Amino acid sequence: MKICELRKHNSLKFYHEGLDLTWWTKLAFLFFYIATLFLFACGDSFDRKTKNSALPLVKISPIDGKEMVLVSAGEFFMGTSKIDDEKINLKIGAVKPLFLDQHPIRKIFLDSYYIDKYEVTNEEYKQFLNSSSYDELPGHWDNGTYAEGAGRYPVTHVTWREALTYALWAQKTLPTEAQWEKAARGVDGRVYPWGDVYEKGKSNMDIDGARGLVEVGTYPDDISPYKVYDLGGNVMEWTMDWYLAYPGSTYKNPRYGKMLKVLRGNAFQKAGHYFLEAYRYSFSRTEADPNDYFENVGFRCVTLVAFPSKFSSE
């Protein structure tokens, strides 16, 4: 004997073959049906919040000993809707229009992950080389090591592949663009790690900073909502992603494809157009040949949070 069944558009059809259902009974069934749908819809969200609350905010990576901070699961705004109406790119001789490869702004959900609190340093990269017997050194090191006093500087002059090799050795990976941007901007859509207002001296950014590398954490105000440092400046950072159009973008760029990797963040500059406001934002993208290395490009790593299934047996 059927009492009710689902129909198209999730409407309910009631049967009362030999069963006298009062309107109160029908309402009770309807209430039970709606409550069940609600619990199923909310269950995953509640479970995720419970898992996030149980995770430590900071952990130490067991391989490279780096401090990592938690970026909790949830949504954030990625990209921008800004437009360069004044065509500033043409005034500075830049071919690529400003902002268009960062369109459209969209809301994205990411699972929980940990990200290095600071960029990988020279001394940490040296530890990796000693432990792994990897034999490709940063391009500016002499006699197999970094310059005296530079141990706490971000390691630079490393290619994308060399950065990824370090990450895999440390049982991590490079961040995706989305992971990097969420760590920098938080969930409120801010345009700098510290907020929405640019202030000279908050970061080792373009020509407003030291105009050269400094030790990680030297600028304490260059800190994101998740307590990640130096996402605003010091060095740009390699990400996992190829330079591709964002979903929903109408901007066509011949440089899109699986040839160039995306760099995120700004860095110290001695000259050039990277000191313009458009390149300071945390949603800004820079593309580079993964086989090249640069004096102001480094990296940091991430690791995903792996939750055991709640249905798995011990």
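Tutor: The side chains of Thr156 and His157 make a polar contact, at 3.0 Å. This is a predicted model, where local features need pLDDT of at least 70, side-chain atom pairs count only at pLDDT 80 or more, and totals for chains, interfaces and linings use all residues. Residues are numbered from 1 along each chain as its sequence is written, and side-chain values use heavy atoms, with hydrogens and water left out.

Student: Is Thr156 buried or exposed?
Tutor: Thr156 is buried, because its relative accessible area is 1%. Buried means under 20% relative accessible area, exposed over 50%, and partly exposed in between, with a 1.4 Å probe and protein chains only.

Student: Which residues is Thr156 in contact with, neighbours within four places in sequence aside?
Tutor: Pro138, His140, Leu213, Val235, Phe294, Glu295 and Val297. Contact means heavy atoms within 4.5 Å.

Student: And where is Thr156 placed?
Tutor: In the loop between α3 and α4. Helices (H or I, at least four residues) and strands (E, at least two) are DSSP runs, numbered from the N terminus.

Student: How do the axes of α3 and α4 cross?
Tutor: The axes of α3 (residues 122-132) and α4 (residues 160-169) come within 11 Å and cross at roughly 70°. The two helices are therefore roughly perpendicular to each other. That word covers 65 to 115 degrees; under 35 counts as roughly parallel, over 145 as roughly antiparallel, and the rest as oblique. Axes are lines fitted to C-alpha atoms, for helices over the stretch in contact, and angles run from 0 to 180 degrees between N-to-C directions.

Student: Which residues of α3 and α4 meet?
Tutor: From α3, Glu124, Tyr125, Gln127, Phe128, Ser131 and Ser132; from α4, Glu162, Thr165, Tyr166 and Trp169.

Student: New topic. How many helices and strands does the protein chain have?
Tutor: Five helices and twelve strands. Of the chain's 314 residues, 47% count as buried.

Student: What is the order of the antiparallel open sheet?
Tutor: That sheet of four strands runs β3-β4-β7-β12. Its edge strands are β3 (58-60) and β12, each pairing on one side only. Two strands pair if DSSP finds at least two bridges between them.

Student: What does β7 pair with?
Tutor: Four bridges join β7 to the antiparallel strand β4 (residues 67-71), where Met68 has Asp116 of β7 as its bridge partner. With β12 (residues 302-304), β7 pairs in the antiparallel sense over three bridges, and Tyr114 stands opposite Thr303.

Student: Which way do the residues of β7 point?
Tutor: Tyr113 and Ile115 point one way, Tyr114 and Asp116 the other, and all are buried. Helix α5 (residues 177-185) lies across β4, β7 and β12, at about 75° to β7.

Student: And the sheet with mixed pairing, what is its order?
Tutor: It is an open sheet of four strands, β10-β9-β8-β11. β9 (residues 261-264) and β10 pair in the antiparallel sense over four bridges, with Arg285 in β10 as the bridge partner of Arg264. Helix α4 packs on this sheet, touching β8 (236-242) and β9, and its direction makes about 90° with that of β8.

How values were computed: Polar contact = N/O pair within 3.5 Å; in protein donor to acceptor, adjacent residues only side chain to side chain.
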